Number of protein chains: 2
Amino acid sequence: MTGTFQSYDVHMANAEARPTLSDVAARAGVSKSLVSLVMRGEPGAGAETRRRVLDAAGELGYHPDSRARLLRSGRSRLLGVVFGIQHAFHVDLVTGLYTAARAAGYELALSAVTPERDEAEATASLLQDRCEALIMCGPQTSAARLTRLATRLPVVVLARDARNADVVRTADAEGLRQAVEHLAGLGHRRIAHIDGGRAPGSADRRRGYRAAMEAHGLAAHIRIVPGGLTEEEGATAARRLLTEKSDATPGRPLGEKSDATPGRPLGEKSDATPGRPLGEKSDAGEGVAEGRSGGGREDHDGGAPTAITVFNDRCATGVLDVLLRAGVRVPEEISVVGFDDSHLARLAHVNLTTIAQDVPAMTRLAVARAVERIDGAEVSHRGIVVPPHLVVRGTTGPART
Amino acid sequence: MTGTFQSYDVHMANAEARPTLSDVAARAGVSKSLVSLVMRGEPGAGAETRRRVLDAAGELGYHPDSRARLLRSGRSRLLGVVFGIQHAFHVDLVTGLYTAARAAGYELALSAVTPERDEAEATASLLQDRCEALIMCGPQTSAARLTRLATRLPVVVLARDARNADVVRTADAEGLRQAVEHLAGLGHRRIAHIDGGRAPGSADRRRGYRAAMEAHGLAAHIRIVPGGLTEEEGATAARRLLTEKSDATPGRPLGEKSDATPGRPLGEKSDATPGRPLGEKSDAGEGVAEGRSGGGREDHDGGAPTAITVFNDRCATGVLDVLLRAGVRVPEEISVVGFDDSHLARLAHVNLTTIAQDVPAMTRLAVARAVERIDGAEVSHRGIVVPPHLVVRGTTGPART
DNA sequence: GTGCGAATCTGGAACGTTCCATACACGCAC
DNA sequence: GTGCGTGTATGGAACGTTCCAGATTCGCAC
C-alpha cells in the first residue's frame, strides 16, 4: 500500500534533493576530494580556495551525510547505550553518559528496554547501527549472551557486576556499610534490610549489610526482608514488616489502621501487581530467606526494627509511603536509608537519606573504558569500582531510647 | 596518545572484521544480490537456497550494516524522537512509540533532552542521522524554530498544541471536564485546580476546569492555584492551600502539624528548589492569578476545597505527599484527581484517580501521521485530538457533608 | 638549468549495501 | 522445434563519502 503510484514522485516539503559533495565541488570549481578536505577542516587546501569552497557550501546549504561519511571511514563515533527507560536510576545514568560522551568526542545511540521490548532487541538494533562499543545499564542479559556480544565489540557493563565484560559499578557492599554505620552512629541497633531480590547489585548490598552489622556487634539483629526494585515491592515489604511488628509486640501498636493497604481496590486498568497477600511465598531470588542469618524468627530479639536500609530509592519510596499511611513517623519512630540518590530521593518532599552512587564518575569512567577498548588499548583490570557516599537528608534520626 | 603504534593493529576482542554481504555470499556459494534479497525477506529466492543463506549468515554472526543500507536506498526507515528523559509521561510515550513504529515498519532513533542537553541539540543530532520524520514529545521549541524544522522534514508534535506542525494531543479541556464531573457527581462543590503554569496543555486544562465548573453552577467556587509539572511544585501548591485553609476556617484545623514542610532542612547536595516561603510571589505563567475568576479571596465562599484537580500525576504525587504528612486523609477529607495516568498513578500505593491520556492511540496516530507525511500523502486536518478518559482509583470519594 | 621537497590539488578506488537489467533454467502451449 | 512466461539467480552500477597515490606548480638551493 505504500506509494503504489509512482506519479506521486513530486514529493513535498523536502522537495529538492540534498546537495552533495560534487554539487559543492562543481560550484566552487574544484574536486570532490578538496571539498572533503575543507569540510573536515584538514590542512592541504589554499586559503583562497578554502574560502571559495566554504562559500559554495554555504550557498547550497550543504550538510555532509553522516551515513556515507561513516560508511567510508569505517568509524561511527557512536556509543550504543542500552537502558531501562522506566528505571529512575538508568535515566540518571543516561543523562550523565550524554555529557561524558560529548567530552570524549562520541555520540550516543540510545536503545530503550521497555516492557514490550527486551534487551535482545535493544542490543540488536544498536549492532545494526555499527556502534563502536556498547554500554549496558544494569543488564539482565545472560552471561552467555554477554560473552558472545563481547566477542563482537567492546562491551561495558554499567552499575552491575559481570565477569565476562568490562564493568563500572559502585562498591555496593561499601555503600551498605556506610548506611549501617550512619544508623549505628545514631544509636540504632535493630536495623533491618529490605533487599532487591534478583536485581543487579542486590547480593552485594545484602552482603555489605550483613558484614557491617556483624562488625558493629549487631549480628543478632540482622534481618533481611525480601523486597525488589520497584515502589510496589517496597510497599509490600513494608506492610509485611508492619504486621510482624504488631505481632511481635502486641502491646505497642505502631500501625494505626488495621488494614495497611490503600483505601480501595485498584482501578480496572491496574496492570501493576496487585497487593498480594502478605508473606505467603518467600519469593526473593538467589535463595534469600527471611532472617536467614541464624535460624528462625526467634533468633533476633523480637523487637521491631528502628531503622531500615532499603535496596534502592524507588523501593524506599514505597516503604516510606506505607509507613506514612500507617501513621508511623519518619524519622522519629523509624529511620529509612535508600540507595542511588536518584532524582527521586532529592525531591524535597521525599527528602530521603540515601547512599549516592557517583553518576558523573561512573559515566565518565564507562565512556573512558569504552574508548580505550575501541582504541585497542590493553586494559589491566576489567572491573572498576567507584565508591559511594552517604547523603544525609530527612529520613534518618536518632534512635528512640 | 591514541594508538600511536600501528603494531597494535592486531586489535583485540572484535578481531575479525565484521562479516559483510560478500562474506555470507561466499560461504553460501551464491551472489551478494541473492543474500541481500534473503536478508530483507523479499521473494525471489528458492526455499533451499534461502535456508542455506540464512544458515551461513547465522554462523558468521552477520548483521546488515544500516549505514550502507540507508545510503544506498535513500530511505532510512527511521523516525526521530525527541523526549524529556526525566518526564514520566514522556517515558510512557516512548514506550508506546516503540511498538507503534515497529508495527508500521519503522525504527526509532531516540534523542533525549536532559538538563544539560537542550532540544536544539537533540533535534540537530537526529537531523544528521537522516531520519525521515521527527516526533517531538511536548516540545518547548519556539514556533519559529519549529516552522523552520518543518520545512526540512515532516514534524509531528505529540502531547501539546502547535499551529505550524502536525499535532497529536489529548483533549485536555475535556479531560478536566470529566474530572470535575466526577467530583461534582460525588457531591463536591468546592473544587480547586492546581495548574501547570507554562507547561504544555496547562492552559487548556485550566480552561476546561473553568468551563466545567461554570457548567455545574459552581462558578463561585472556581479556584486556581499556581502549580507546575513536578512533584516539587505540587508540594508547594498543596502547602499553600493548607495554610490558607487553616487561615480561612480557624475553628477547624485540618493540618495537625503547624509546620507542613518535611521534618528537617534538605541535605547538603539538594539542588531541588528548596521549600520556598509560602505564597510570596504568584509565579504561574501566562498571567494566571489566584482566584482570578471574579476578584479577591472573598469571592468564593471561604470554605476549604474538598477536592482538587491537579495538572498532572507527578504534581499530584507531590500534593498527596504533603496532605498525607499534614494528616489530611485522602479521600475521606479531600479528593484528588491527577492527569496522564502515567505509571506513577498506577502504583498500588499511590493509587491515584486520574484522567488517562490514551497513550497507545496517541502514539499510533503520531506514527501514522508521520508515515503519511513521509509517503507524501495530502493531510486534511493537521491537529488530531484524542479523547481522554477517567480512571477511578483510590484518591476520590464522596464529599464530606 | 636541474633537482627536489613542500604545498596544493586531482582522479579514482574503496566502504557495504540496494537496485536494475539481464541470464539461465525450466515447463508448457503452440 | 520455437516462443514465452515464471521463478531463480547474477553482475555491475549506483549512493556520498574518505582515503590514497599521484600530478602539478612553485620556490629555492645547487
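**View 1. Chain A, helix by helix and strand by strand.** Chain A carries 13 helices and 12 strands, where helices (H or I, at least four residues) and strands (E, at least two) are DSSP runs numbered from the N terminus. This is a predicted model, in which local features need pLDDT of at least 70 and side-chain atom pairs count only at pLDDT 80 or more, while totals for chains, interfaces and linings use all residues. Residues are numbered from 1 along each chain as its sequence is written, with chains lettered from A and ligands numbered from 1 in the order in which they are written. Of the 401 residues in chain A, 51% are buried (20 or more other C-beta atoms within 10 Å of the residue's own, C-beta atoms being placed from the backbone).

**View 2. Around DNA strand D.** A residue counts as near if its C-beta atom, placed from the backbone, lies within 6 Å. The elements giving two or more residues are α2 (32–40) and α4 (66–73) of chain A, plus α2 (32–40) and α4 (66–72) of chain B. By class, there are nine nonpolar, nine polar and seven charged residues, with Asp, Glu, Lys and Arg as the charged set, Ala, Val, Leu, Ile, Met, Phe, Trp, Tyr, Cys and Pro as nonpolar, and the others, Gly among them, as polar.

**View 3. Around DNA strand C.** Ser33(A), Gly46(A), Leu21(B), Ser36(B) and Arg72(B) come nearest among the 25 residues here. The largest share, five residues, belongs to α2(B). This surface splits into nine nonpolar, nine polar and seven charged residues.

**View 4. An open sheet in chain B.** Six strands line up as β7-β6-β8-β9-β10-β12, with mixed pairing; two strands pair if DSSP finds at least two bridges between them. At the edges, β7 (224–225) and β12 (389–391) of chain B each pair on one side only. Strand β10 (residues 354–356) of chain B runs antiparallel to β12(B) over three bridges, and Ile355(B) has Leu390(B) as its bridge partner there.

Note on methods: A residue is buried if 20 or more other C-beta atoms lie within 10 Å of its own, exposed if 12 or fewer, and partly exposed in between; C-beta atoms are placed from the backbone.
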